[in-house]
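Biologist: I am new to this structure. Please show me how to read it, one feature at a time.

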Amino acid sequence: MVTFLLTNHNHLVMVLHVKPANANPVFRALADPTRRAIFEELTRQGEQTVHALTCYAGVSQPAVSKHLTVLKRAKLVRHRRAGRETHYRAQPDALAPMVDWLNLYGAFWRERFDRLEALLERMEP
C-alpha cells in the first residue's frame with residue numbers, strides 16, 4: 001500500500017492507494033478504442049473468429065491480432081483453435097479488478113460529497 005499526501009485548501013488530505021496493480025492491465029488494455037470495441041463486440045455477439053473481428057474492427061488482420069494479444073494478456077479474452085481458425089470469446093469476469101477499483105474510489109468520493117453537503121448545510125444562514 002502506498003500513501004499519497006495532498007493538500008486541499010490548507011488542509012492535509014491522506015489518500016490511500018490500495019493495490020491497483022491488478023486493475024492496471026485491464027485499464028491499459030481497454031484504454032485503446034479499437035481494443036475496447038473488439039471486447040464489446042465479443043461481449044455482445046459471443047465467440048467470433050479473427051476474420052469476423054477484422055471485418056468488424058475495420059483494421060488489418062495483423063492489427064486485430066495484436067489487439068487480441070493485449071486483451072489476452074489482460075485475461076479479457078480467451079481463444080480456441082478450430083482447424084485453421086482461431087475463435088475468441090470475452091471473459092467479462094476479468095473486469096473484476098477494475099470494478100473493485102471503481103467501487104473503492106466511488107465510496108471515497110461519496111463520503112467526501114456527503115461531508116461537503118453537511119458542511120454547506122451548516123453554512124446556510
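Modeller: Start with contact: it means heavy atoms within 4.5 Å. Then take L71. Leaving aside neighbours within four places in sequence, L71 is in contact with A29, L30, R35, I38, F39, L76 and V77.

Biologist: What kind of model is this, and how are residues numbered?

Modeller: This is a predicted model, in which local features need pLDDT of at least 70 and side-chain atom pairs count only at pLDDT 80 or more, while totals for chains, interfaces and linings use all residues. Residues are numbered from 1 along each chain as its sequence is written, and side-chain values use heavy atoms, with hydrogens and water left out.

Biologist: How many helices and strands does the protein chain have?

Modeller: Helices (H or I, at least four residues) and strands (E, at least two) are DSSP runs, numbered from the N terminus. The protein chain has five helices and five strands. Along the sequence they follow the pattern β-β-α-α-β-α-α-β-β-α. L71 sits in helix α4, residues 61-73.

Biologist: Is L71 buried or exposed?

Modeller: Buried means under 20% relative accessible area, exposed means over 50%, and partly exposed lies in between (1.4 Å probe, protein chains only). L71 is buried, because its relative accessible area is 0%.

Biologist: How far is L71 from Q91 in sequence and in space?

Modeller: L71 and Q91 are 20 residues apart in sequence. In space they are 9.7 Å apart, C-alpha to C-alpha. For the protein chain, take contacts between residues at least 6 apart in sequence: 47% of these join residues at least 24 apart.

Biologist: Which residues does Q48 touch?

Modeller: Q48 is found in strand β3. Not counting residues up to four places away in sequence, Q48 touches E41, L42, L53, T86, H87 and Y88. Q48 is buried, because its relative accessible area is 12%.

Biologist: Now charges. How many salt bridges does the structure hold?

Modeller: A salt bridge is a side-chain nitrogen of Lys or Arg within 4 Å of a carboxyl oxygen of Asp or Glu. The structure holds five. One of them joins the side chains of R44 and E41, at 3.9 Å, N to O. Both residues lie in helix α2, residues 33-45. They are three residues apart, about one turn of the helix. R44 counts as exposed, because its relative accessibility is 54%. E41 counts as buried, because its value is 11%.

Biologist: Which residue forms a salt bridge with R80?

Modeller: That is E47, with the closest N and O atoms 2.7 Å apart. The pair links distant parts of the chain, 33 residues apart. R80 is in strand β4, residues 77-82, and E47 is in the loop between α2 and β3 (48-49). R80 is partly exposed, because its relative accessible area is 35%. E47 is partly exposed too, at 33%.

Biologist: And the pair R112 and E111?

Modeller: R112 forms a salt bridge with E111, the closest N and O atoms being 3.5 Å apart. Elsewhere, salt bridges that share partners join E47, R80 and R89 into one network.

Biologist: Next, the surface. Which residues make the nonpolar patch?

Modeller: Accessible areas come from the Shrake-Rupley method with a 1.4 Å probe; for residues, only the protein chains shown count as cover. Patches are made of residues with over 30% relative accessible area and no salt bridge: like charges are joined within 9 Å, nonpolar side chains (Val, Leu, Ile, Met, Phe, Trp, Tyr) within 5 Å. Here W109, F113, L116, L119, L120 and M123 make a nonpolar surface patch of about 640 Å². L120 is in helix α5, residues 96-123. L120 counts as partly exposed, because its relative accessibility is 45%. The protein chain exposes about 9,100 Å², and carbon and sulfur atoms supply 56% of that.

Biologist: Which residues gather in the patch of negative charge?

Modeller: Lys and Arg count as positive and Asp and Glu as negative; His and the chain ends are not counted. The place of a charge is NZ of Lys, CZ of Arg, CG of Asp or CD of Glu. D114, E117, E121 and E124 gather in this surface patch. D114 lies in helix α5. D114 counts as exposed, because its relative accessibility is 52%.

Biologist: One last feature. What is the phi of K75?

Modeller: Most residues other than glycine have a negative phi. K75 is not a glycine, yet its phi is positive, about 65°. K75 lies in the loop between α4 and β4. K75 is exposed, because its relative accessible area is 62%.
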